[in-house]
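Notebook open, model loaded. I'm jotting things down in the order I looked them up.

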Amino acid sequence: MKLRLAGLAAAFALVLGAAPSAHAHKAWLRPSATVLSETGTWVTVDAAVSNDLFYFNHVPLRLDNLRITAPDGTMLEPANPATGKYRSVFDLQLEQEGTYRMSVVNDGLFARYVLDGEPKRWRGSAAEFEGAITDGATDAEVSQTLSRVETFVTVGAPSLEVFQVTGEGIELVPVTHPNDLYAGETATFQLLLDGAPAAGLEVEIVPGATRYRDSQDSIALVTGEDGRFEVTWPAAGMYWMEAGSSDDRTSVPEAAQRRLGYVATFEVLPL
């Protein structure tokens, strides 16, 4: 339980907290390949919360809330899922042509309170919240969290069926398909907040292999009124993208604040 909470806490601190920093823990999913030509092949996906991209050196990203969407919209189960000290991992056989979406979606509550003079914390789902804060507690603060950490894999031609909008939290709309990215070219994405264009949202994009350089080399962007932003990829490689926001539009009466986050991993290919 302590390991599970540690992993969730680190992920929430990243995608639901303040501005990113060079030393912030980053949650991510990294597939062994993002573009394949034949059905029936396999990919292995690593899931971690780490200090460096994309290396396992902090805690695993738990797979409890993993959702895998096939190109036809059906939900799939991972093969060989496992969680170790520094990472989680699973395999997936790609039996359909098109784009697969792999997401870890966390939606829950976080509470701080004081009991008998001692600070306490609680984290769990809205269904588990009733009675979670002990009678006699004071200074209770409750916030709602909704975050997505995801990546995409395509077999053959890219497809769009997996990008159905749920209208909950921050979601990605691929003006440029995330498996059609090339070094030196400009990609356009749109971010939605509760189904509407997310204007003025700050976006950070960081290339991988951060342990081998002194700076993050991050790209800072802001979405326009239509929720769109553009990025010109400086080089081929794996990239990590993060966006977050907060508001008071909670769906749980006890929560005063809602924190939202979105993370995606992309592979940019050479021309």
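Ground rule for the charge-on-ring search: I count a charge as sitting over a ring if NZ of Lys or CZ of Arg is within 6 Å of the ring centre and within 35 degrees of the ring normal. With that, I found lysine 26 over the face of tryptophan 240, at 5.3 Å from the ring centre. I also found arginine 211, whose charged end sits over the ring of tyrosine 55, 4.7 Å from its centre.

Housekeeping. The model is predicted, so I take local features only at pLDDT of at least 70 and side-chain atom pairs only at pLDDT 80 or more, while totals for chains, interfaces and linings use all residues. Residues are numbered from 1 along each chain as its sequence is written, and side-chain values use heavy atoms, with hydrogens and water left out.

**Overall build**

I get one helix and 19 strands for the protein; these are DSSP runs numbered from the N terminus, helices (H or I) of at least four residues and strands (E) of at least two.

I count 47% of the 271 residues as buried. My cut-offs are under 20% relative accessible area for buried, over 50% for exposed and partly exposed in between, with a 1.4 Å probe and protein chains only. Taking contacts between residues at least 6 apart in sequence, 66% join residues at least 24 apart; contact means heavy atoms within 4.5 Å.

**Nonpolar cores**

A nonpolar core here is a set of buried Ala, Val, Leu, Ile, Met, Phe, Trp, Tyr and Cys residues joined through side-chain atoms within 4.5 Å. The largest one has 30 residues, and Val43, Leu61, Leu94 and Met102 have the most contacts inside it. Which strand gives the largest share of this core? I find E3 does, with five residues. I then listed what methionine 102 touches beyond four places in sequence, and the list includes Leu29, Val43, Phe90 and Val149. Apart from this core lies another, of 29 residues, among them Leu146, Leu181, Ala183 and Phe229.

**Aromatics**

I pair rings of Phe, Tyr and Trp (its six-membered ring) if their centres lie within 6.5 Å; planes under 30 degrees apart are stacked, over 60 edge-to-face and the rest tilted. That gives 10 aromatic pairs. Phenylalanine 189 and phenylalanine 266 make a stacked one, 5.1 Å centre to centre with 15° between the planes. Phenylalanine 189 is in strand E13 (residues 186-193) and phenylalanine 266 in strand E19 (residues 257-268), so the pair ties together parts 77 residues apart in sequence. Both residues are buried. Phe152, Phe163, Phe189, Phe229, Trp233, Tyr239 and Phe266 form one aromatic cluster.

Buried or exposed, I asked of threonine 99? It is buried, at 0% relative accessibility. Threonine 99 is in strand E9 (residues 98-115), and a polar contact of 2.9 Å joins its side chain to that of histidine 177. (Polar contact: a pair of N or O atoms within 3.5 Å; within protein, one must be able to donate a hydrogen and the other to accept it, and residues adjacent in sequence count only if both atoms are side-chain atoms.) Among the contacts of threonine 99 are Phe152 and Asn179.

Asparagine 179 is in the loop between strand E12 (170-173) and E13, and is buried at 8%. A polar atom of its side chain lies 3.1 Å from the backbone oxygen of phenylalanine 152.

Most residues other than glycine have a negative phi, and most peptide bonds are trans. I noted a cis peptide bond between leucine 53 and phenylalanine 54, with omega about -10°. Phenylalanine 54 is in the loop between E3 and strand E4 (59-60).

Asparagine 80 has a positive phi of about 55°; it is in strand E7 (residues 79-83) and is exposed, at 55%. Aspartate 217 also has a positive phi of about 55°, but lies in the loop between strand E15 (202-207) and E16 and is partly exposed at 46%.
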